[in-house]
Amino acid sequence: MAQVQLEAVVKSYGEVKVVRGVDLTIADGEFVALLGPSGCGKTTTLRMIAGLEAPSGGVLSIGQDVVSAPARGIFVPPEGRRIGMVFQSYAVWPHMSVRENVAFPLKLARPRKPAADMRAAVEKALDMVQLGGLGDRMPNQLSGGQQQRVALARALVMEPRVLLLDEPLSNLDAHLREEMRREIAQIRRRLGVTVVYVTHDQEEALALADRIVVLHRGVIQQVGPPREIYERPANPFVGGFIGKASAVVGVLESLGADALVVAVEGGGHIRVATDAVRMPEPVEVGRRVRLLVRPESVTLGEGGVEGTVEVATYLGTQLELLVTVGAARLRTPVPISRGATVGEAVLVRVTEGHLFAE
Amino acid sequence: MIARMKRGIAQASGLTVVMAVAALLLLVFAVFPMGLLLIRSVVGPQGFDLGPLASSWGDGRTWSLLGTTVSMALGTSLITVLLGVPTAWFLARTDVPNKGALKTALALPYVIPPYILAIGWITLFNPRSGLVNGWLQTVWGGAEGPLDIYSLWGMIFVLGLAYYPLVMLQTHSALMGMDPSLEEAARTSGARPMRVVFTVTLPLVLPSIASGALLAFLVAMASFGVPYLVGSPGRVEVLTTSIYTSIDLGTEDAIARAIGLAVILCVAAAVALAVNAVLVRRGRALLGGKAGRPSLVALGRWRPVATGTLWGVVLFAVGVPLLTLITTSLLGSYGRGFALENLSPANYATVFSDDRTLRAGWTSLYLAAAAATVCVAVGTLASYARKRTRLAGRRALPFLAELPYAVPGTVLAMGLILAFSQEIWVFVPGTVYVRFLMFNTAWILLVAYSVKFLAFGVRTSDAALTQVDLSLEEAARTSGASPFGVFGRIVVPLMRPALVAAWILVFLPVIGEITMSILLFGPETKTIGVLLFDYQTYESPPKAAVVGTLMVAAIVSGNLLVKRLTGGKLGL
């Protein structure tokens with residue numbers, strides 16, 4: 001079990017800067033999710049922790065050891081870092097059986113454990129991922145989910161100090177994904193190992209992580225527990241990326257003790273109670289602003305502004321409506337039973353929002 | 001609408017008719033001759049007679065021939081693996097610089113007919129006047145050099161250096177197509193880079209390596225040019241050269257003997273191919289999965305050594321024989337040594353002014369052009385029919401084409417001789433009939449080339465077709481075009497650069513073909529390859545070297561042109 005520390009870590013490929021100065025300390029035993037859209041640098045960062053990529057600058061340490069420091073000419077290769085890694089494509093070796101796959105790291109460890117201990121460790125790892133008894137199967141006889149478990153067992157068999165996972169669930173179907181998510185959470189609780197988990201799926205990050213690191217274009221946007229990231233986004237990117245917020249761009253027309261009003265670019269006004277609006281930084285009246293409104297903060301009913309239903313999408317669990325207020329378009333869920341028709345006139349109330357200067 | 005439907009059916013039928021005719025021709029010119037050969041091996045003038053076959057197989061000479069042939073092929077195969085696998089690994093997995101150029105250079109022997117390279121090696125290592133032997137003699141004395149290329153080892157040496165690209169390219173392909181996370185997972189599990197190579201990388205590419213080695217084995221076994229130029233002068237005979245000698249002799253017994261040997265060669269080839277088919281399937285199973293950019297091993301201070309060694313291989317396998325070839329072509333008089341005074345371009349003038357050269361050159365050119373056209377035209381139609389239509393029997397033609405492709409050229413030529421050495425009578429409706437003798441004419445050569453390289457035409461078309469997005473054709477169909485129409489108006493125009501490339505890729509090897517040409521040429525239809533052999537065996541090696549140099553120049557530039565035309569996808 002160890003902490004992972006990144007100080008001013010940079011990665012460039014020629015002219016292109018993929019990771020631009022990341023500072024991050026992951027505590028011993030913590031589960032940290034690296035979250036962001038494609039190309040944000042999260043996988044590159046994970047691979048640098050693994051030693052599969054060398055940083056162009058900065059210092060990377062695992063536990064007490066500095067494992068990468070280009071300025072000092074230090075680079076510990078992956079096989080020397082004592083980590084476990086689970087790859088997106090599982091990377092289960094097709095020419096070895098399940099048992100041989102899981103036993104591989106044990107065979108390479110020095111000093112070598114006696115054969116009996118190695119066998120026991122393999123069985124223990126297989127049991128932990130619910131694959132006990134399938135040790136003699138070949139990978140091509142396993143389903144995708146089972147192969148993923150083999151990869152997990154292989155990563156855990158050495159009781160690594162850090163466990164790295166690179167979008168491990170993105171190749172699985174929805175059901176399997178949920179099941180695996182629960183199992184990963186369970187395993188992590190049992191072992192207490194430090195976990196760094198890369199994903200582009202915010203739900204996964206929110207559900208699993210102790211802290212989420214949101215990345216965009218190689219720069220950390222915000223670090224914090226899931227609740228904080230969701231309820232108090234630090235900037236428009238985080239606010240827009242997490243949750244299905246609708247963005248209203250316009251001018252802050254008035255800011256009173258009770259309520260504020262945003263004049264929407266293109267027409268219309270949105271009114272929100274002032275204490276229900278989060279403003280990470282104070283904004284003066286007359287400034288161009290971006291108001292982020294989450295679907296759960298839009299209600300239809302008395303006391304609202306006039307709006308029209310533009311689109312109604314059936315999602316099974318609910319009806320997702322796209323409602324226009326002036327030139328603003330707000331997303332909001334309603335129960336199926338309520339029903340809705342395109343063009344229906346509704347009264348719209350915004351109960352919460354996040355306001356940022358544009 | 002009915003009219004359009006009718007037109008659609010007619011055009012689809014048009015495609016079917018063309019396919020059927022082509023299949024029929026394949027049956028007549030490939031399957032029938034092969035069948036005839038097999039039948040003639042067990043049926044004599046008195047009917048079913050295993051006698052000649054039995055006596056041929058009971059003859060000690062036959063078995064020693066087989067032994068020599070297999071040894072030659074095995075030795076070649078071994079060298080191709082020893083050279084091909086490491087070069088492929090360095091190209092695919094390390095950070096050696098200039099990989100594009102290096103790969104092209106390393107693959108050069110693949111496109112040059114081995115017998116041309118052999119001329120260079122012969123100049124260096126022949127026992128009487130070989131250059132290297134000359135230098136060694138000044139050190140150790142003696143009149144005849146210690147190294148004798150006219151031997152089994154000589155053949156293995158030349159063939160191995162000529163065919164290692166087969167293994168290299170297959171292995172390289174497999175390495176590049178592997179999911180890189182398989183090796184990365186081994187690294188994160190604690191394995192050092194060398195360990196990864198032996199526990200993960202090699203086991204997974206082994207089927208591809210084996211397939212390449214097997215292919216090299218097969219090609220070596222079927223080769224004629226090198227055994228003839230390098231083995232025969234040393235009285236080392238293999239199956240192909242022995243068959244040639246027997247046919248040249250022409251007696252009943254000799255022909256019967258040749259037939260017996262041809263059957264053996266055929267069986268050996270069939271076995272090799274069957275094993276290869278299994279290996280290919282196994283390889284595909286192991287390597288399925290996402291290809292991606294693999295992590296490269298940083299060679300660090302070993303980089304200059306590795307780079308130097310790789311270019312050294314190029315120098316040795318390609319540079320040395322070619323340079324010697326060019327120098328030989330400039331030699332004033334062979335055997336007088338390589339002093340600078342002895343070098344002049346006089347030979348080029350002599351060869352060019354010789355009527356024979358011009359005739360042979362012209363013969364090869366028009367035959368190769370015709371064969372290439374046939375192979376690409378039919379090949380493209382067959383490939384399209386199989387991959388993009390649901391016509392009945394669409395798989396028949398490509399399948400039939402694989403037979404002559406795989407069969408050793410000597411065997412195919414023998415079959416054609418047996419089948420078509422008589423006159424053919426063609427009845428034109430009415431009273432006129434035409435006597436037609438294919439033997440010794442250009443037609444039999446054209447037939448042999450077309451039939452042999454058709455599968456190659458199909459394969460290059462297959463590759464070119466994958467570049468054409470299916471949705472482009474589907475859009476044409478939903479707009480009203482029939483399959484033939486889609487083919488003519490959409491597919492062919494889109495494939496044009498690739499088709500030209502495919503044409504060149506068939507044209508070039510046909511020009512350099514020797515194995516079938518030497519058995520099928522006639523007094524009026526001597527090809528450039530056969531002429532080269534004449535020069536090398538009966539006249540002067542420098543003249544042969546002139547022809548060889550020109551052929552190499554044409555072949556290499558042709559391949560580079562193909563590379564340019566297809567953006568690097570086909571060709572060198």
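Begin by selecting chain B and colouring it by pLDDT: the mean is 84, and 90% of the residues of chain B reach 70 or more. Among the elements of this chain, helix H10 (residues 225–231) of chain B has the highest mean pLDDT, 94, whereas strand E3 (residues 423–427) of chain B has the lowest, 54. Where pLDDT is low, the predicted coordinates should not be read in detail.

Next, show chain A together with chain B, where 17 residues of chain A are in contact with 18 residues of chain B. On the side of chain A that touches chain B, select strand E7 (83–86) and helix H2 (98–108) of chain A, each of which supplies at least two residues; the largest share, 3 residues, comes from H2(A). By class, the residues on this side of chain A are 13 nonpolar, 2 polar and 2 charged.

Finally, select helix H5 (residues 114–125) and helix H13 (residues 303–329) of chain B, whose axes come within 8 Å and cross at roughly 80°, which means that H5(B) is roughly perpendicular to H13(B). To see the contact, show side chains including B:Ile116, B:Trp121 and B:Leu124 of H5(B), and B:Val320, B:Pro321 and B:Leu325 of H13(B). This contact of H5(B) with H13(B) has 9 nonpolar and 4 polar residues, with no charged residues.

Key
Residues numbered from 1 in each chain as written. Chains lettered and ligands numbered in written order. Axes fitted to C-alpha atoms, helices over the stretch in contact; angles between N-to-C directions. Helix = DSSP H or I, 4+ residues; strand = E, 2+ residues; numbered from the N terminus. Parallel < 35°, antiparallel > 145°, perpendicular 65-115°, else oblique. Contact = placed C-beta atoms within 7 Å. Nonpolar A, V, L, I, M, F, W, Y, C, P; charged D, E, K, R; others polar. pLDDT = per-residue confidence, 0-100.
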